[in-house]
Amino acid sequence: MRRPSPRGPLSTALLEALVREPGPVPGLVAEAERAVDRTRDVVADDDVQLALLVMYELHYRGVDGVDDAWEWQPDVLGARAVLESAFEAAIRERVPVEPTSAGTAEEVAAELFRLTSADDGPSVSRYLARRATDEQLHEFLVHRSIYHLKEADPHSWALPRLTGRAKSALVEIQADEYGGGRPGHIHAELFAATLRAMDLDDADGAYVDLVPGATLASTNMMSLFGLHRRLRGAIVGHLAAFEMTSSIPGGQTAKGFRRLGHDDAAFYYDEHVEADAVHEQIAGRDLAGGLAEAEPAVLADVLWGARAS
(Lines give C-alpha, C1' and ligand atoms only; values in the text may rest on other atoms or scores of the structure.)
Protein backbone atom coordinates (compact mmCIF):
# COMPACT_ATOMS: atom_id res chain seq x y z
CA MET A 1 0.00 0.00 0.00
CA ARG A 2 1.19 3.50 -0.72
CA ARG A 3 2.31 5.28 2.41
CA PRO A 4 -0.54 7.56 3.51
CA SER A 5 -0.33 11.00 5.11
CA PRO A 6 -0.93 11.11 8.89
CA ARG A 7 -4.20 12.47 10.26
CA GLY A 8 -3.40 13.12 13.90
CA PRO A 9 -0.97 12.43 16.76
CA LEU A 10 -1.40 8.66 16.73
CA SER A 11 -1.01 8.07 12.99
CA THR A 12 1.90 10.55 12.98
CA ALA A 13 3.70 8.62 15.71
CA LEU A 14 3.02 5.30 13.99
CA LEU A 15 4.12 6.37 10.50
CA GLU A 16 7.25 8.05 11.85
CA ALA A 17 8.17 4.85 13.68
CA LEU A 18 7.56 2.57 10.70
CA VAL A 19 10.21 4.24 8.53
CA ARG A 20 12.89 3.31 11.09
CA GLU A 21 14.52 -0.03 11.73
CA PRO A 22 12.09 -2.33 13.56
CA GLY A 23 12.38 -1.96 17.31
CA PRO A 24 10.63 -0.67 20.43
CA VAL A 25 8.30 2.32 20.09
CA PRO A 26 8.04 3.82 23.58
CA GLY A 27 4.81 5.67 24.12
CA LEU A 28 2.88 4.23 21.17
CA VAL A 29 0.45 2.29 23.36
CA ALA A 30 -0.13 5.39 25.49
CA GLU A 31 -0.71 7.44 22.33
CA ALA A 32 -3.33 4.91 21.24
CA GLU A 33 -5.03 5.20 24.62
CA ARG A 34 -5.08 8.99 24.31
CA ALA A 35 -6.54 8.74 20.81
CA VAL A 36 -9.38 6.58 22.11
CA ASP A 37 -9.98 8.87 25.07
CA ARG A 38 -10.23 12.05 23.02
CA THR A 39 -12.42 10.82 20.16
CA ARG A 40 -16.17 11.33 20.07
CA ASP A 41 -16.67 8.43 17.66
CA VAL A 42 -13.98 5.81 17.21
CA VAL A 43 -15.75 4.38 14.13
CA ALA A 44 -15.43 7.65 12.19
CA ASP A 45 -12.22 8.98 13.76
CA ASP A 46 -9.70 9.75 11.01
CA ASP A 47 -6.63 9.31 13.22
CA VAL A 48 -7.75 6.03 14.78
CA GLN A 49 -9.02 4.43 11.59
CA LEU A 50 -5.96 5.40 9.56
CA ALA A 51 -3.67 3.97 12.25
CA LEU A 52 -5.68 0.74 12.25
CA LEU A 53 -5.59 0.53 8.45
CA VAL A 54 -1.80 0.85 8.43
CA MET A 55 -1.38 -1.67 11.26
CA TYR A 56 -3.61 -4.17 9.48
CA GLU A 57 -1.85 -3.60 6.16
CA LEU A 58 1.31 -5.03 7.73
CA HIS A 59 -0.52 -8.39 7.68
CA TYR A 60 -1.52 -8.08 4.01
CA ARG A 61 0.95 -6.81 1.42
CA GLY A 62 2.75 -4.26 3.53
CA VAL A 63 3.28 -0.51 3.24
CA ASP A 64 5.76 1.22 0.93
CA GLY A 65 9.08 1.82 2.69
CA VAL A 66 8.16 -0.23 5.78
CA ASP A 67 10.26 -3.22 6.83
CA ASP A 68 8.23 -6.46 6.92
CA ALA A 69 9.61 -7.20 10.39
CA TRP A 70 7.27 -4.53 11.82
CA GLU A 71 4.35 -6.94 11.37
CA TRP A 72 4.81 -8.57 14.78
CA GLN A 73 6.50 -5.74 16.72
CA PRO A 74 5.05 -5.87 20.27
CA ASP A 75 4.46 -2.12 20.72
CA VAL A 76 2.56 -1.90 17.43
CA LEU A 77 0.48 -4.94 18.40
CA GLY A 78 -0.16 -3.44 21.84
CA ALA A 79 -1.36 -0.16 20.36
CA ARG A 80 -3.50 -2.06 17.88
CA ALA A 81 -5.12 -4.01 20.71
CA VAL A 82 -6.13 -0.76 22.40
CA LEU A 83 -7.75 0.52 19.21
CA GLU A 84 -9.40 -2.82 18.44
CA SER A 85 -10.96 -3.04 21.89
CA ALA A 86 -12.57 0.38 21.49
CA PHE A 87 -13.55 -0.30 17.86
CA GLU A 88 -15.20 -3.63 18.63
CA ALA A 89 -17.06 -2.14 21.60
CA ALA A 90 -18.37 0.68 19.41
CA ILE A 91 -19.60 -1.73 16.74
CA ARG A 92 -21.31 -3.94 19.32
CA GLU A 93 -23.03 -0.88 20.81
CA ARG A 94 -24.28 0.26 17.40
CA VAL A 95 -25.23 -3.19 16.16
CA PRO A 96 -27.15 -5.17 18.79
CA VAL A 97 -28.07 -8.78 18.08
CA GLU A 98 -31.65 -9.87 18.68
CA PRO A 99 -32.21 -13.31 20.27
CA THR A 100 -33.09 -16.09 17.83
CA SER A 101 -34.28 -19.66 18.11
CA ALA A 102 -32.49 -20.61 14.87
CA GLY A 103 -30.40 -23.73 15.27
CA THR A 104 -30.15 -25.67 12.03
CA ALA A 105 -28.28 -24.49 8.97
CA GLU A 106 -31.57 -23.90 7.16
CA GLU A 107 -32.97 -21.88 10.05
CA VAL A 108 -29.83 -19.75 10.29
CA ALA A 109 -29.92 -19.11 6.54
CA ALA A 110 -33.58 -18.10 6.77
CA GLU A 111 -32.73 -15.69 9.57
CA LEU A 112 -29.95 -14.15 7.46
CA PHE A 113 -32.21 -13.78 4.44
CA ARG A 114 -34.82 -12.12 6.68
CA LEU A 115 -32.22 -9.82 8.20
CA THR A 116 -30.73 -8.69 4.89
CA SER A 117 -34.09 -8.25 3.14
CA ALA A 118 -35.39 -6.13 6.03
CA ASP A 119 -32.68 -3.49 5.59
CA ASP A 120 -34.46 -0.21 4.81
CA GLY A 121 -31.48 2.01 4.13
CA PRO A 122 -31.34 4.07 0.93
CA SER A 123 -30.11 2.12 -2.09
CA VAL A 124 -26.79 3.40 -3.41
CA SER A 125 -26.98 1.09 -6.42
CA ARG A 126 -30.41 2.37 -7.50
CA TYR A 127 -29.14 5.92 -7.19
CA LEU A 128 -26.13 5.04 -9.33
CA ALA A 129 -28.37 3.37 -11.90
CA ARG A 130 -30.80 6.25 -12.25
CA ARG A 131 -29.45 9.57 -11.03
CA ALA A 132 -25.72 9.65 -10.26
CA THR A 133 -23.55 12.11 -12.13
CA ASP A 134 -20.27 11.08 -13.72
CA GLU A 135 -18.43 12.82 -10.88
CA GLN A 136 -20.42 10.87 -8.28
CA LEU A 137 -19.71 7.59 -10.06
CA HIS A 138 -15.98 8.33 -9.90
CA GLU A 139 -16.29 9.27 -6.23
CA PHE A 140 -18.10 5.99 -5.53
CA LEU A 141 -15.18 4.05 -7.04
CA VAL A 142 -12.66 6.02 -5.00
CA HIS A 143 -14.42 5.00 -1.78
CA ARG A 144 -14.84 1.37 -2.84
CA SER A 145 -11.19 1.08 -3.90
CA ILE A 146 -10.09 0.87 -0.26
CA TYR A 147 -11.67 -2.59 0.01
CA HIS A 148 -12.01 -3.86 -3.54
CA LEU A 149 -8.27 -3.67 -4.28
CA LYS A 150 -7.86 -6.35 -1.61
CA GLU A 151 -11.23 -7.99 -2.23
CA ALA A 152 -11.72 -11.41 -0.56
CA ASP A 153 -8.47 -11.24 1.42
CA PRO A 154 -10.01 -10.22 4.80
CA HIS A 155 -12.50 -13.09 4.57
CA SER A 156 -9.79 -15.59 3.66
CA TRP A 157 -8.35 -15.29 7.17
CA ALA A 158 -11.29 -17.49 8.22
CA LEU A 159 -10.17 -20.49 6.16
CA PRO A 160 -7.80 -22.08 8.71
CA ARG A 161 -10.35 -21.41 11.50
CA LEU A 162 -13.14 -23.50 9.94
CA THR A 163 -13.74 -27.19 9.32
CA GLY A 164 -16.20 -29.38 7.44
CA ARG A 165 -19.20 -27.95 5.62
CA ALA A 166 -18.42 -24.33 6.45
CA LYS A 167 -14.80 -24.59 5.28
CA SER A 168 -15.81 -26.27 2.01
CA ALA A 169 -18.35 -23.51 1.36
CA LEU A 170 -15.81 -20.77 2.01
CA VAL A 171 -13.29 -22.43 -0.31
CA GLU A 172 -15.92 -22.58 -3.06
CA ILE A 173 -16.81 -18.91 -2.67
CA GLN A 174 -13.22 -17.72 -2.43
CA ALA A 175 -12.17 -19.77 -5.46
CA ASP A 176 -14.55 -17.67 -7.53
CA GLU A 177 -13.38 -14.46 -5.85
CA TYR A 178 -9.81 -15.32 -6.87
CA GLY A 179 -10.77 -16.01 -10.46
CA GLY A 180 -10.89 -19.80 -10.40
CA GLY A 181 -7.15 -19.98 -10.99
CA ARG A 182 -7.27 -17.80 -14.13
CA PRO A 183 -4.63 -15.04 -14.13
CA GLY A 184 -6.19 -11.62 -14.47
CA HIS A 185 -9.61 -12.77 -13.24
CA ILE A 186 -9.09 -12.20 -9.53
CA HIS A 187 -11.89 -9.84 -8.54
CA ALA A 188 -9.43 -7.31 -7.11
CA GLU A 189 -7.70 -7.29 -10.52
CA LEU A 190 -11.04 -6.82 -12.28
CA PHE A 191 -11.78 -3.85 -10.04
CA ALA A 192 -8.35 -2.40 -10.82
CA ALA A 193 -9.25 -2.69 -14.52
CA THR A 194 -12.47 -0.78 -13.79
CA LEU A 195 -10.45 2.00 -12.17
CA ARG A 196 -8.17 2.21 -15.19
CA ALA A 197 -11.15 2.29 -17.56
CA MET A 198 -12.43 5.29 -15.59
CA ASP A 199 -9.02 7.03 -15.72
CA LEU A 200 -8.50 6.46 -12.00
CA ASP A 201 -5.36 5.26 -10.23
CA ASP A 202 -5.39 1.49 -9.58
CA ALA A 203 -2.48 1.46 -7.10
CA ASP A 204 -3.24 0.01 -3.67
CA GLY A 205 -3.83 2.91 -1.30
CA ALA A 206 -3.90 5.56 -4.01
CA TYR A 207 -7.00 7.17 -2.51
CA VAL A 208 -6.56 6.50 1.20
CA ASP A 209 -5.77 10.18 1.80
CA LEU A 210 -9.02 11.27 0.11
CA VAL A 211 -11.59 9.19 2.01
CA PRO A 212 -12.91 9.72 5.55
CA GLY A 213 -12.34 7.53 8.56
CA ALA A 214 -15.79 5.95 8.19
CA THR A 215 -14.79 4.54 4.79
CA LEU A 216 -11.58 3.13 6.26
CA ALA A 217 -13.64 1.64 9.11
CA SER A 218 -15.68 -0.56 6.77
CA THR A 219 -12.50 -2.31 5.61
CA ASN A 220 -10.92 -2.27 9.06
CA MET A 221 -13.99 -4.05 10.45
CA MET A 222 -13.38 -6.96 8.06
CA SER A 223 -9.73 -7.15 9.13
CA LEU A 224 -10.75 -7.05 12.80
CA PHE A 225 -13.18 -9.92 12.30
CA GLY A 226 -10.86 -11.95 10.09
CA LEU A 227 -7.65 -11.68 12.11
CA HIS A 228 -9.16 -12.88 15.40
CA ARG A 229 -10.10 -16.53 15.69
CA ARG A 230 -12.62 -15.74 18.44
CA LEU A 231 -14.50 -13.60 15.87
CA ARG A 232 -14.68 -16.32 13.19
CA GLY A 233 -18.48 -16.23 13.46
CA ALA A 234 -18.47 -12.49 12.72
CA ILE A 235 -16.31 -12.71 9.60
CA VAL A 236 -18.45 -15.58 8.29
CA GLY A 237 -21.66 -13.65 8.98
CA HIS A 238 -20.18 -10.54 7.36
CA LEU A 239 -19.30 -12.44 4.18
CA ALA A 240 -22.70 -14.12 4.09
CA ALA A 241 -24.52 -10.79 4.26
CA PHE A 242 -22.11 -9.30 1.73
CA GLU A 243 -22.82 -12.07 -0.77
CA MET A 244 -26.56 -12.07 -0.10
CA THR A 245 -26.87 -8.37 -0.90
CA SER A 246 -24.59 -7.88 -3.91
CA SER A 247 -26.09 -9.62 -6.94
CA ILE A 248 -28.99 -7.25 -7.66
CA PRO A 249 -27.02 -4.13 -6.63
CA GLY A 250 -24.24 -5.26 -8.96
CA GLY A 251 -26.66 -5.21 -11.86
CA GLN A 252 -27.99 -1.79 -10.87
CA THR A 253 -24.49 -0.38 -10.60
CA ALA A 254 -23.57 -1.75 -14.02
CA LYS A 255 -26.62 0.07 -15.44
CA GLY A 256 -25.28 3.29 -13.99
CA PHE A 257 -21.95 2.82 -15.72
CA ARG A 258 -23.65 2.15 -19.05
CA ARG A 259 -26.10 5.06 -18.63
CA LEU A 260 -23.10 7.37 -18.40
CA GLY A 261 -21.30 5.77 -21.34
CA HIS A 262 -18.76 3.68 -19.41
CA ASP A 263 -19.52 0.28 -20.93
CA ASP A 264 -15.91 -0.90 -20.58
CA ALA A 265 -16.01 -0.27 -16.83
CA ALA A 266 -19.20 -2.27 -16.17
CA PHE A 267 -17.67 -5.75 -16.48
CA TYR A 268 -16.61 -5.99 -12.83
CA TYR A 269 -20.21 -5.49 -11.71
CA ASP A 270 -21.60 -7.75 -14.44
CA GLU A 271 -19.33 -10.50 -13.10
CA HIS A 272 -20.92 -10.21 -9.65
CA VAL A 273 -24.51 -10.47 -10.85
CA GLU A 274 -24.18 -14.14 -11.79
CA ALA A 275 -21.49 -15.17 -9.31
CA ASP A 276 -23.15 -13.71 -6.23
CA ALA A 277 -26.56 -15.12 -7.12
CA VAL A 278 -24.96 -18.53 -6.59
CA HIS A 279 -22.80 -17.40 -3.69
CA GLU A 280 -25.73 -16.11 -1.63
CA GLN A 281 -27.16 -19.61 -1.30
CA ILE A 282 -23.80 -21.18 -0.43
CA ALA A 283 -22.94 -18.37 1.98
CA GLY A 284 -26.26 -18.44 3.79
CA ARG A 285 -26.83 -22.17 4.16
CA ASP A 286 -23.48 -23.94 3.91
CA LEU A 287 -21.07 -21.30 5.22
CA ALA A 288 -22.94 -19.33 7.90
CA GLY A 289 -25.59 -21.97 8.55
CA GLY A 290 -23.06 -24.78 8.53
CA LEU A 291 -20.79 -22.99 11.01
CA ALA A 292 -23.60 -22.05 13.39
CA GLU A 293 -25.00 -25.59 13.29
CA ALA A 294 -21.58 -27.10 14.03
CA GLU A 295 -20.62 -24.46 16.63
CA PRO A 296 -23.80 -23.06 18.24
CA ALA A 297 -21.71 -20.84 20.53
CA VAL A 298 -20.76 -18.58 17.59
CA LEU A 299 -24.33 -18.09 16.27
CA ALA A 300 -24.71 -14.68 17.94
CA ASP A 301 -21.50 -13.48 16.29
CA VAL A 302 -22.60 -14.82 12.90
CA LEU A 303 -25.71 -12.65 13.13
CA TRP A 304 -23.71 -9.73 14.55
CA GLY A 305 -21.22 -9.87 11.69
CA ALA A 306 -24.07 -9.93 9.18
CA ARG A 307 -25.80 -6.96 10.80
CA ALA A 308 -22.51 -5.07 11.02
CA SER A 309 -22.04 -5.61 7.27
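What radius of gyration would a compact globule of 309 residues have, and what does the protein have? A compact globule with 309 residues would have a radius of gyration near 19 Å, and the protein has 19 Å, which agrees. The radius of gyration is taken over C-alpha atoms, and the globule rule is 2.2 Å times the number of residues to the power 0.38.

This is a predicted model, in which local features need pLDDT of at least 70 and side-chain atom pairs count only at pLDDT 80 or more, while totals for chains, interfaces and linings use all residues. Residues are numbered from 1 along each chain as its sequence is written, and side-chain values use heavy atoms, with hydrogens and water left out.

**The whole chain**

Begin with the entire protein on display. Its C-alpha atoms fill a box of roughly 50 × 50 × 40 Å, taken along the principal axes. The secondary structure comes to 15 helices and zero strands; helices (H or I, at least four residues) and strands (E, at least two) are DSSP runs, numbered from the N terminus. Of the 309 residues, 54% are buried. Buried means under 20% relative accessible area, exposed means over 50%, and partly exposed lies in between, with a 1.4 Å probe and protein chains only. Among contacts between residues at least 6 apart in sequence, 79% join residues at least 24 apart, where contact means heavy atoms within 4.5 Å.

**First stop: H2 and H4**

Select helix H2 (residues 28–38) and helix H4 (residues 74–94). The two pack at an angle of about 15°, with their axes 8 Å apart. Axes are lines fitted to C-alpha atoms, for helices over the stretch in contact, and angles run from 0 to 180 degrees between N-to-C directions. The angle makes H2 roughly parallel to H4. Angles under 35 degrees count as roughly parallel, over 145 as roughly antiparallel, 65 to 115 as roughly perpendicular and the rest as oblique.

H2 passes H4 in a right-handed crossing. A crossing is left-handed if the near helix is turned anticlockwise from the far one by less than a right angle, and right-handed if clockwise. Now show the side chains: Leu28, Val29, Ala32, Glu33 and Val36 in H2 meet residues of H4 that include Asp75, Val76, Gly78 and Ala79.

**Second stop: Arg80**

Remain on H4 and select Arg80, which has its place in this helix. Is Arg80 buried or exposed? Arg80 is buried, with a relative accessible area of 10%. Not counting residues up to four places away in sequence, Arg80 touches Leu52, Met55, Tyr56, His59, Leu227 and His228.

Next, select helix H3 (residues 46–57) and helix H11 (residues 213–227), whose axes come within 9 Å and cross at roughly 45°. That makes H3 oblique to H11. The crossing of H3 past H11 is left-handed. Among the residues that meet here are Leu53 and Tyr56 in H3, and Asn220 and Leu224 in H11. By class, this contact has eight nonpolar, four polar and one charged residues.

Centre the view on Leu224, found in H11. At 1% relative accessibility, Leu224 counts as buried. Its contacts, not counting residues up to four places away in sequence, are Tyr56, Glu84, Phe87, Glu88, Ile91 and Leu231. Leu224 and Phe87 are 137 residues apart along the chain, and their C-alpha atoms are separated by 8.9 Å.

Move to helix H7 (residues 134–148) and helix H10 (residues 187–197), which pack at an angle of about 155° with their axes 10 Å apart. They are therefore roughly antiparallel to each other, and their crossing is left-handed. Leu141, Arg144, Ser145 and His148 in H7 meet Ala188, Phe191, Thr194 and Leu195 in H10. By class, the contact has four nonpolar, three polar and one charged residues.

Phi of Ala152 is near 85°, a positive value in a residue other than glycine, and at 2% relative accessibility Ala152 counts as buried.

Finally, select Asp199, in the loop between H10 and H11. Asp199 has a positive phi of about 60° although it is not a glycine. Asp199 is exposed, with a relative accessible area of 73%.

Technical notes. Nonpolar A, V, L, I, M, F, W, Y, C, P; charged D, E, K, R; others polar.
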